[in-house]
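Thanks for making time this morning. Please have the model up on your screens while I talk.

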Amino acid sequence: MTDSIRRVKQVIAPQTVIEGADVLLRRSFGPQRSNLFDPFLLFDHFAFNDPLEGPIQGFPTHPHRGIETVTYMLRGSVRHRDSLGNMGIIGPGDVQWMTSGRGIMHEELPHRDPEGIIQGFQLWVNLPAAQKMSQPRYQEVSAATIPCVETPESLVRVVAGEYGGVKGPVTDIAAQPIYMDVTLQPGAEFSLPTRTQDFAIAYVFEGEGVFGGGESEPGEFITAVKMLVFDEGDEIRVQSGPASSVRFMLMVGEPFKEPIYPYGPFVMNTQAEIQQALSDLRSGTFVQ
Ligand code: CO
């Protein structure tokens, strides 16, 4: 059997949406019963350069159940506080990986950097049915403790998964995810082996490059900003353009192949479980 390089199956242009307290976001996909991005549920890019589009209040206190929310900051910061008693500020390069399990309440308040810019990503990862009501858990990883694999042509920050013999600090996640921030200088190539049937996406947010393809088949030339969905295969391959760099977030995970029932900040498997979440909120037993 020969190794197969993953092809680009779908290219998504992010849509502008409003969430929280009038926060403008670029959303590539959100939770849907069709579950086409299994095990991923949502990918939002918050990029505010103009005070008129920025968050004043951010995301006031809200619940989550049945999912993991992952915040990755590029510029600016997010002040957060939650029902587990955690509070703090996530700054550039920091990651917060929150496993809501049965229930968490939190608030997220973005702040601009001195140049007035906020930029970062929020990814939602599903939990399998057996872990949706698990204890909430929280992994905060500071920029300094995220390992980088660096060559003159490339920089790969490994949040979860493994690249070049380096393992990311976020571990014990049900979907066994890969989550990396990859920068390639002009003319560089990136390659990563993957389990054949894992689901893989890339969010291209700077520059341009060729994604997928191999010796017998050209890849697809992609210019930022786009979300790419890869077909199944053994390897992800990316080349930057001859005269331009490219930067993307790479996400790979094992699909759960379970029905999902999303409702706002909850993603459960059945409508009855959503009704239970709402009833727990009303009766004050949501967070224990
Ligand atoms: Co939240």
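**Pockets, a metal site and aromatic rings**

Let's start with the largest pocket. Six strands each supply at least two residues of its lining: S3 (23-29), S4 (40-48), S5 (59-64), S10 (104-111), S11 (118-126) and S24 (261-263). Keep in mind that this is a predicted model.

Which strand gives the largest share of that lining? Strand S5, with 4 residues. In total, 22 residues line the largest pocket. Find Glu19, Phe59, His62, Gln122 and Trp124 on your screen; these lie nearest the centre of the pocket. The lining splits into 12 nonpolar, 6 polar and 4 charged residues. The space inside is about 410 Å³.

Now the metal. His62 lines the largest pocket, and His62 is also one of the residues that coordinate the cobalt ion. The donors are NE2 of His62, NE2 of His64 and NE2 of His106, at 2.1 Å. Along the chain, the donor spacing reads H-x1-H-x41-H.

Are His62 and His64 buried or exposed? His62 has a relative accessible area of 17%, so it counts as buried, the cut-off being under 20%. His64 is buried too, at 2%.

On to the second largest pocket. Its volume is about 330 Å³. There are 18 lining residues, and the closest to the centre are Gly161, Glu162, Gln176, Pro177 and Ile178. By class, that lining has 8 nonpolar, 5 polar and 5 charged residues.

Last topic: aromatic rings. The count is 15 aromatic pairs. I'll show two.

Take Phe40 and Phe199. Their ring centres are 6.4 Å apart, the planes make 50°, and the pair is tilted. Why does this pair tie together separate parts of the chain? Because Phe40 lies in strand S4 and Phe199 in strand S19 (residues 199-211), and those parts are 159 residues apart in sequence. Phe40 is buried, at 2% relative accessible area. Phe199 is buried as well, at 9%.

Next, Tyr163 and Phe190. This pair is stacked, with 5.2 Å centre to centre and 20° between the planes. Tyr163 sits in strand S15 (residues 162-163), and Phe190 in strand S18 (residues 189-193). The pair links distant parts of the chain, 27 residues apart. Both residues, Tyr163 and Phe190, are buried.

One more thing to click on. Ring pairs also join Phe43, Tyr72, Trp97, Phe121, Tyr179, Tyr203 and Phe205 into a cluster.

Conventions: Residues numbered from 1 in each chain as written. Predicted model: local features only at pLDDT ≥ 70, side-chain atom pairs only at ≥ 80, totals over all residues. Heavy atoms only, no water. Donors = N, O, S within 2.8 Å, 3.2 Å for Na, K, Ca; no water. Buried < 20%, exposed > 50% of the residue type's maximum accessible area, 1.4 Å probe, protein only. 1 Å grid on protein atoms, 1.4 Å probe; cavity = no way out; pocket = protein on both sides within 12 Å on 5 of 7 lines; lining within 4 Å. Points joined across faces, edges and corners; volume = space filled by probe spheres on them. Nonpolar A, V, L, I, M, F, W, Y, C, P; charged D, E, K, R; others polar. Phe/Tyr/Trp six-rings, centres within 6.5 Å; stacked < 30°, edge-to-face > 60°.
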